[in-house]
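The exercises below are meant to be worked through with the sequence and the coordinates side by side.

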Amino acid sequence: MLAEHKNSKAKVAIKLIKKAPLAQMYTKCGENFQEVSILREVTAYSIPNVLYLIDQDEDDEHIILVTEYMPGRSLYDYVDSFGGYALSENKVKSIIRDVA
């Protein structure tokens, strides 16, 4: 969801992640939910072409991530526009080069 940062007035993206499905999924796998910690690490190193975590919060039902806003389509939508997962190796290489 698109929002405006209260102080800077910059556009930001807000991602709500439901806790219940995560708890069930990661309990079965024996893994921890790592998206927030990965975003924190990446933000600390100012890596180009990577989304930055601005803030995080949670309530009883959701983990709430506030990230920088990246206009355009999501990588998922871009890949899906080529027929989902039936991409040639060369097309995947091209997508990865564009992202990196």
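**Exercise 1. Overall picture**

What percentage of the contacts in the protein with a separation of 6 or more is accounted for by residues 24 or more positions apart?

Solution. This is a predicted model, in which local features need pLDDT of at least 70 and side-chain atom pairs count only at pLDDT 80 or more, while totals for chains, interfaces and linings use all residues. Residues are numbered from 1 along each chain as its sequence is written, and side-chain values use heavy atoms, with hydrogens and water left out. Taking contact to mean heavy atoms within 4.5 Å, residues 24 or more positions apart account for 41% of the contacts with a separation of 6 or more. The protein has four helices and four strands, where helices (H or I, at least four residues) and strands (E, at least two) are DSSP runs numbered from the N terminus. Along the sequence, their pattern is β-β-α-α-β-β-α-α. Of the 100 residues in the protein, 16% are buried; here buried means under 20% relative accessible area, exposed over 50%, and partly exposed in between (1.4 Å probe, protein chains only).

**Exercise 2. The hairpin**

Solution. Outside the four places on either side in sequence, the contacts of threonine 67 include Val12, Leu39 and Leu53.

**Exercise 3. The nonpolar core**

Which residues make up the largest nonpolar core?

Solution. A nonpolar core is a set of buried Ala, Val, Leu, Ile, Met, Phe, Trp, Tyr and Cys residues joined through side-chain atoms within 4.5 Å. The largest one has six residues, namely Ile17, Val36, Leu39, Leu53, Ile63 and Leu65. Helix H2 (35–45) and strand E4 each supply at least two residues of this core. When residues up to four places away in sequence are not counted, valine 36 touches Leu53, Gln56, Ile63 and Leu65. As background, nonpolar side chains in soluble globular proteins tend to be buried together.

**Exercise 4. The salt bridge**

Find how many salt bridges the whole structure contains, and describe the residues involved.

Solution. The criterion is a side-chain nitrogen of Lys or Arg within 4 Å of a carboxyl oxygen of Asp or Glu, and a search of the whole structure finds one such salt bridge. It is formed by the side chains of glutamate 89 and lysine 93, at 3.5 Å from N to O. Because these two residues are four residues apart in helix H4 (residues 89–99), about one helical turn separates glutamate 89 from lysine 93. Glutamate 89 counts as exposed at 57% relative accessibility, whereas lysine 93 counts as partly exposed at 38%.
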